[in-house]
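Please work through each task before reading its solution.

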Amino acid sequence: MDKPVELTGLSQPELVTFVETLGEPAYRGRQLFAALQHRRLRSFDEITDLPKELRIRLSEIARASTLKVESQYTSSDGTRRYLMKTHDGLPVETVFIPEERRDTICFSSQSGCPLQCTFCLTAQLGLLRSLTAGEIVEQIMIALNDAYGIGVKPPKGTNLVAMGAGEPLLNLDSLLKALRVMADPQGLHIVPNRVTVSTAGVVPRILDLANTSDRPHLAISLAAPTDELRDVLMPINKRWPLEDLLGACKAFEKTLKPGERLTFEYVMLDGVNDSDEQARQLANLLNRHGIRSKVNLIPHNPADPLPYQPSSPDRVERFKNILESKGVHTYVRRPRGRDIFAACGQLAARQGTLNNLTELTSIGANN
Ligand code: SF4
């Protein structure tokens with residue numbers, strides 16, 4: 001039997017073509033798209049405005065959803081982490097972060113990750129596989145349905161960040177496909193301008209993204225101001241060292257819109273990359289390339305067995321002041337969901353939590 005078609009990864013025109021191949025009129029495709037993407041229904045049984053025979057036919061050859069939520073955790077700060085499984089049993093993690101102005105959903109682009117950043121727990125899983133466009137879209141649907149109710153419009157709008165498990169630029173085709181599907185005004189209607197993709201520095205794909213029309217924003221995880229240290233913290237640096245990476249960033253800069261900045265993420269590791277001298281090296285590196293950018297300082301999220309501790313708040317503040325004194329726009333990111341292993345670098349399909357935890361029951365496949 002052919003593999004079932006994952007309908008959540010299809011755009012509206014593709015769904016129309018799909019139903020037409022079944023001998024159905026085009027409007028059935030539009031109906032199906034609205035049911036899946038706008039009403040966020042997750043099984044054919046729920047799409048009662050389609051004739052029963054069509055629903056039976058669809059369930060034989062296609063899937064309305066593929067991810068199953070195995071467990072979910074809610075942090076004392078309101079952050080929610082979902083641990084899901086793909087149809088072939090692989091872990092996928094998604095984090096919903098409520099914020100005053102606009103909620104953020106941090107999604108995964110791969111199950112596990114092939115890169116070996118030494119400060120990241122996900123690295124320890126290795127790459128299990130890249131996710132399909134449908135699996136990327138479904139993560140957003142599941143988080144929104146859980147946070148607001150099935151099909152309810154998010155009251156404040158939604159930002160997306162591809163900062164969960166995986167290196168998004170190693171799954172660029174599926175990622176861009178998912179973003180196109182989600183941008184449809186008759187579906188989720190989350191436009192690329194609301195999406196930030198974070199990369200460890202896959203230089204050729206940064207250049208590809210620069211040439212993509214209607215692209216998302218880009219963030220680069222830097223973690224070190226010198227090749228010597230970055231080779232250790234982010235081994236991808238041996239393949240594409242800092243000069244190559246910043247050269248690609250410079251090319252990307254040409255595509256920035258007015259007011260848009262490239263983001264550099266800098267995880268702060270106590271005694272490893274947080275000295276005054278390293279702050280000056282970082283400022284000099286960025287200033288030498290003159291890229292319109294900002295730096296986000298992210299205190300490390302400790303997790304056994306990672307060998308690092310977060311820099312102290314005083315150290316982070318001093319590092320920030322040095323960068324700013326050299327004209328670098330710098331922000332400090334507040335860690336969210338640390339107690340439930342939902343924070344940056346902590347996603348490793350853990351079933352547990354630290355403390356302050358409310359564990360909810362499994363919400364099943366159809367939420
Ligand atoms: S930090 Fe990102 S790219 Fe690096 S190992 Fe973790 S998930 Fe992969």
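**Exercises on a predicted model**

Lysine 320 has a relative accessible area of 18% and is buried. The structure is a predicted model.

**Exercise 1.** Determine which residue forms a salt bridge with lysine 320, and where the two residues lie.

*Solution.* Step 1: the partner is glutamate 324, with the closest N and O atoms 3.7 Å apart. Step 2: this separation is within the 4 Å cut-off for a salt bridge. Step 3: both lysine 320 and glutamate 324 belong to helix α11 (residues 313-325), where they are 4 residues apart, about one turn of the helix. Step 4: glutamate 324 has 36% relative accessibility and counts as partly exposed.

**Exercise 2.** Determine which parts of the chain are tied together by the pair glutamate 93 and arginine 81, and whether each residue is buried or exposed.

*Solution.* Step 1: the two side chains meet in a salt bridge at 2.6 Å, N to O. Step 2: glutamate 93 is in strand β5 (residues 91-97) and arginine 81 in strand β4 (residues 80-85), so the pair ties together parts 12 residues apart in sequence. Step 3: buried means under 20% relative accessible area. Glutamate 93, at 3%, counts as buried, and arginine 81, at 0%, is buried also.

**Exercise 3.** Classify the residues of the shell around the ligand as nonpolar, polar or charged.

*Solution.* Step 1: the ligand is surrounded by Cys113, Leu115, Cys117, Cys120, Ala123, Gly166 and Ala200. Step 2: Gly counts as polar. Step 3: the shell divides into 6 nonpolar, 1 polar and no charged residues.

Key:
Residues are numbered from 1 along each chain as its sequence is written. This is a predicted model: local features need pLDDT of at least 70, side-chain atom pairs count only at pLDDT 80 or more; totals for chains, interfaces and linings use all residues. Side-chain values use heavy atoms; hydrogens and water are left out. A residue is near a molecule or strand if one of its heavy atoms lies within 4 Å of it. Buried means under 20% relative accessible area, exposed over 50%, partly exposed in between (1.4 Å probe, protein chains only).
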